[in-house]
Amino acid sequence: MTSDSQKKHFEAALALTIHDVKNSLALFLDRIEVLQAQDEIVGKKYADFKYEIKRVNNNLVRLLALYKVGAENFALQDDFYYIDDFLAEIAAEYAAVLQDKSIKLIIDCPEGLNCKMDKGLVYGVLDNAINNAARYTCSKIILKALEKDGFLILSVEDDGKGYPEHMLMENQQQERCNTDIDVSNSTTGLGLFFSRIVAGLHQYNGKTGSICMTNQSKIGGSCFSICLPSDDASQIEF
Amino acid sequence: MSNADILMGAHLRKVRGDPQLSIADRQILIIDDFSDMRIAARRMLRDLGEENTDFASNGKDAIDKIQRTSYDIILCDYNLGDGKDGHQVLEEAHYMGFIKPSCLFIMITAETSRHRVLGAIECQPDDYIAKPFTKELLQHRLVKALKKKDALMDIYEAMFAKRLNKAIEIAEHKLTSKSRYTLDIAKLLGSFYLRSKQYEKAVEFFQKILAQKYMPWAKFGLGQVYYHLEKYTDAVVLFDELTDECKYYMEAYDWSAKCNLALNNKIEAQKRLAAAARISPKTISRQCELGELAKENGELDIAGSAYRAAIQYGTHSCFKSSKEYLGMNDVLLERGDTLKVLSNLKEARDQLKENPADLLQVVTATADVHAGKDGKVEANKFLGQAEKIYQENLGSIPDKAAMKLAATALKLDNVKLGTTIVSSLAENNHDDDVLLSKLRDIVNETGHADELSEIINKSTEALRALNKEGIRLAESGKLKESLELLEQASEKAPNSKAFNLNAALACIMLMKQNGVDDQLLFKAKRHLDRVQKAGKVNKRHAELTKMLEALKK
């Protein structure tokens, strides 16, 4: 077998496997929702399951995305999206999971803001950030969007204890020296690795995207941001 | 903007309270090959007030149901196991006109991205949703899609009714005020300018957008205008930039190939199509075009694999045709691969048995192959089959197919059949010099060149004279007499473009003089339909159709 056909077979196997696992996850999700609808107390017990299903799925999606980025001829599938729509959709998806965990999700986004992006990949980045925030926050998460100096900034803030100091240091150092993130030691590392790749793939008008981690959230916890190159003018005049 | 924890509740209350967004009275179809998934999807819709849901477990079942019931919402899994995939269901339903403009089609996929390459851009679902999804997400997407449909409904309706000017008017008006759908409307409007051939307006429109924002579809539109203005080199530049910038803009490859062909750069055109076929292999028409070009460029391997792909992906598609099998036939013949030639044609006969025009071409090709191999008995057997198909489907056999059959019949010394077809072709195309000259070429290669040429001359001359007389009568004001004559003539040559179009014109002029008349309306429509059925639609046919529409109002 040539390596070319091997690669093709592998890709097909990967796609089929993911399709199959996703079907199973969809069934899990459905059964849990049925249980939750039947009995509130029993339902609460299964809240974690839903959260875990989301995590399995996100890992799967991320793995596939990383494989594709590494494959030859990768290209973004970007298009223009309204950001308020995009965030509302994420909120809708997380609503039940976060409600079960008594976490409040707040969206802060001006209407009409739009940006060119690969929605699937950026979704993966925010998803990862919200997942993390959900684990470390006390009571709420803010999903925020704003336009600044030709960039669209999407942030996830929480009111937890914030990132540990060593993580911020490491991140800064890696950014300064432009070294690779070590993915081998933790899943947090994997999430960051993915986020940085996705940000870097977004190039537009001579600008490149980036990520940013601080503990300067207005509500006291950590703040993760992805900055995507954007237009100066959001609207078109006809 | 909103608070997510109240979002869910408020969202649903709003949906239930708003009759336009409620799904209580809507006919829903859920297509999935797993019964558990179908039930799960319905359960999710329950919260939105779902009451009327049908299920389909495969593509064929889905098409049957879509044909019978006018659905408002269709949820379709892309992966349906063996048989048609979700896009083929959408394409077929769309192509057959089974889907009304207000219908919402949502495709469920396993992947979050790569949607662009799944199906043709002219036929895209309203939304894609990746599995697994929560009921909240499904509801959010449904409501969003319903709102968009609602906001653009009048444009879609005008489009569906083929009232392009009306659609343009509405879209231009909508663009004067800003909304969430401004970009969607602009994209539609650009395509309308193109379709109505308002090229100057289109150039101005697309350039104005591109000066403000990088919109791939605006660049694509501009390239299309350049093509129509015959500025092929400028167009190629735009399309090639576009495929560099957006690798998944599949149509840009096709149009770059089209422009390169217009510039006679066949190698370049082939490269563009090959690149597109690698990324998105399932578009049958593209694979066939690639096969055709590669064959012309002498690249038999590429041609062979393109046709093979077209055959493979066509198996469950409504777009399968004799084209890919006959292309493959040429490749195999050129390679001298006799065994495969016959098995390819056999597969084609099995696959295409429900479409007489395609089947005829394949059966004729089979007879031809046997004739070439000195297998006269076998050849005559297939020729007999071909003749039967031809006789049973007169009027819907394309001229090209009839010409091939005539050539094969003459090659096998079936002069009677050959003569019948040649004279019918000559009569029906007495006004088409290109076709007549091809017909003469065929005839000249046989042992009966003289008699057949004489037949061609006689049939065409007589009918040309009749047509002239018809026109003369009309011009001198004798519309009734003209119509009578043209009608008689068109009974002799039912596929004649000239007779049918002139007869339709006579009907229209009579109605303009004496008022609208049901019988004349019917007659005019029948003549125009015949031209359409014979695949001879031209600009004049379009003009007459428009005139007839105007009269009806």
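**Note on the contacts, domains and cores of a predicted model**

1. In this predicted model, 36 residues of chain B are in contact with 41 residues of chain A, contact being defined as C-beta atoms, placed from the backbone, that lie within 7 Å. The side of chain B that touches chain A takes its largest share, five residues, from H5(B). By class, this side of chain B has 15 nonpolar, eight polar and 13 charged residues; Ala, Val, Leu, Ile, Met, Phe, Trp, Tyr, Cys and Pro count as nonpolar, Asp, Glu, Lys and Arg as charged, and the others, Gly among them, as polar.

2. Chain A is assigned domain 1 (3-70) and domain 2 (79-229), with bounds from an automatic or database domain assignment. Taken over C-alpha atoms, the centres of these two domains of chain A are 22 Å apart. Contacts link 12 residues of domain 1 of chain A with 11 residues of domain 2 of chain A. To that side of domain 1, helix H3 (residues 47-70) of chain A gives the most, with 11 residues; helices are DSSP runs (H or I, at least four residues), numbered from the N terminus.

3. The largest nonpolar core has 93 residues, of which Ala171(B), Ala306(B), Leu405(B), Ala406(B) and Val422(B) touch the most other members. Such a core is a set of buried Ala, Val, Leu, Ile, Met, Phe, Trp, Tyr and Cys residues joined through C-beta atoms within 7 Å, where buried means that 20 or more other C-beta atoms lie within 10 Å of a residue's own. A second, separate core of 87 residues includes Leu105(A), Ile23(B), Tyr71(B) and Leu142(B).

4. Residues are numbered from 1 along each chain as its sequence is written, and chains are lettered from A and ligands numbered from 1 in the order in which they are written. In this predicted model, local features need pLDDT of at least 70 and side-chain atom pairs count only at pLDDT 80 or more, while totals for chains, interfaces and linings use all residues.

How values were computed. A residue is buried if 20 or more other C-beta atoms lie within 10 Å of its own, exposed if 12 or fewer, and partly exposed in between; C-beta atoms are placed from the backbone. Two residues are in contact if their C-beta atoms, placed from the backbone, lie within 7 Å. Helices (H or I, at least four residues) and strands (E, at least two) are DSSP runs, numbered from the N terminus.
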